[in-house]
Amino acid sequence: RNYDAANPTNDLINLLGTNNNAVAFTNPHPAKITNSASSVGGGTVAQLTDRTSSDFFTNNISNSWVQIDLGNTRTVNLNGVGLKSRSAATTNVPVNLTIEGSNDGTNFTLIHSWANIGFTAISQDRFVPFTLSSACRYIRIRQPGTDSSGINHLTIGEVYLFGSVSAL
């Protein structure tokens with residue numbers, strides 16, 4: 001599923017949550033994917049892919065991250081990522097992120113550095129396309145610096161993944 005500006009939220013999470021558009025969307029976490037984070041400061045990791053207006057954030061710890069495990073039967077060749085900013089305020093939004101991939105959940109390779117994301121409103125979508133990555137089971141989005149308020153909370157409303165998935 002490649003990024004489509006006319007339908008930007010029709011990503012791999014949506015594909016998995018609708019069984020390839022055969023049924024109404026249900027959050028694929030934890031039945032088809034597993035969301036996790038370096039810490040939980042507020043919300044739940046399920047909110048990263050639930051397609052509702054909600055916020056997840058980590059504790060105020062440097063290099064905070066969120067991760068999606070596609071499971072042991074599926075990989076993705078990622079060629080884009082999207083995020084929704086928080087729904088409560090325009091503060092504490094990500095400024096710079098790294099997108100990393102792994103097949104073992106321990107050793108991660110940089111897929112893309114996303115600089116100056118540019119969130120200016122609540123519940124705002126931002127997308128970044130990039131060169132197709134190698135197949136990965138784990139996708140990690142890490143905040144290497146501070147957020148827009150100068151602290152280390154990684155605050156995300158939603159995660160969108162684009163590329164080709166090996167299996168539903």
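Reader: Which residue lies over the face of tryptophan 65, and how far is it from the ring centre?

Author: In this predicted model, arginine 140 lies over the face of tryptophan 65, at 3.8 Å from the ring centre. The charged end of arginine 140 also sits over the ring of phenylalanine 108, 3.9 Å from its centre.

Reader: What makes these placements count as a charge over a ring?

Author: The distance limit for CZ of Arg is within 6 Å of the ring centre, and the atom must also be within 35 degrees of the ring normal. For tryptophan 65 the distance is 3.8 Å, and for phenylalanine 108 the distance is 3.9 Å.

Reader: How many aromatic pairs does a search of the whole structure find?

Author: The search finds two aromatic pairs.

Reader: Why is the pair of phenylalanine 127 and tyrosine 160 called tilted?

Author: The ring centres of phenylalanine 127 and tyrosine 160 are 5.5 Å apart, and rings pair if their centres lie within 6.5 Å. Planes under 30 degrees apart count as stacked and those over 60 as edge-to-face. The planes here stand at 40°, so the pair is tilted.

Reader: Which parts of the chain does this pair tie together?

Author: Phenylalanine 127 belongs to strand S7 (residues 125-129) and tyrosine 160 to strand S11 (residues 158-165), so the pair ties together parts that are 33 residues apart in sequence.

Reader: Is tyrosine 160 buried or exposed?

Author: Buried means under 20% relative accessible area. Tyrosine 160 has 2%, and is therefore buried.

Reader: Why is the pair of phenylalanine 127 and phenylalanine 162 called edge-to-face?

Author: The planes of phenylalanine 127 and phenylalanine 162 are at 65°, with the ring centres 5.9 Å apart, so the pair is edge-to-face. The cut-off for that label is over 60 degrees. This pair also links distant parts of the chain, with phenylalanine 127 in strand S7 and phenylalanine 162 in strand S11, 35 residues apart. Phenylalanine 162 has a relative accessible area of 1%, so this residue is buried. Ring pairs link Phe127, Tyr160 and Phe162 into a cluster.

Reader: How do you know that the radius of gyration of the protein chain agrees with that of a compact globule?

Author: For 168 residues, a compact globule would have a radius of gyration near 15 Å; the protein chain has 14 Å, and therefore agrees. Of these 168 residues, 48% count as buried. The secondary structure comes to one helix and 11 strands. Among contacts between residues at least 6 apart in sequence, 69% join residues at least 24 apart.

Reader: Why is serine 166 called partly exposed?

Author: Partly exposed lies between the limits of under 20% for buried and over 50% for exposed. Serine 166 has a relative accessible area of 48%, so the residue is partly exposed. Serine 166 lies in the segment after S11.

Reader: What does serine 166 contact beyond its neighbours within four places in sequence?

Author: Serine 166 is in contact with Thr73, Arg74 and Thr75. A polar atom of the serine 166 side chain lies 2.8 Å from the backbone nitrogen of threonine 75.

Reader: What makes isoleucine 68 a buried residue?

Author: The limit for buried is under 20% relative accessible area. Isoleucine 68 has 4%, so this residue is buried. Isoleucine 68 lies in strand S3 (residues 65-69). Beyond its neighbours within four places in sequence, isoleucine 68 has contacts including Ile13, Ile33, Tyr138, Val159 and Leu161.

Notes. Residues are numbered from 1 along each chain as its sequence is written. This is a predicted model: local features need pLDDT of at least 70, side-chain atom pairs count only at pLDDT 80 or more; totals for chains, interfaces and linings use all residues. Side-chain values use heavy atoms; hydrogens and water are left out. Rings of Phe, Tyr and Trp (its six-membered ring) pair if their centres lie within 6.5 Å; planes under 30 degrees apart count as stacked, over 60 as edge-to-face and the rest as tilted. Helices (H or I, at least four residues) and strands (E, at least two) are DSSP runs, numbered from the N terminus. Buried means under 20% relative accessible area, exposed over 50%, partly exposed in between (1.4 Å probe, protein chains only). The radius of gyration is taken over C-alpha atoms; the globule rule is 2.2 Å times the number of residues to the power 0.38. Contact means heavy atoms within 4.5 Å. A polar contact is a pair of N or O atoms within 3.5 Å; within protein, one must be able to donate a hydrogen and the other to accept it, and residues adjacent in sequence count only if both atoms are side-chain atoms.
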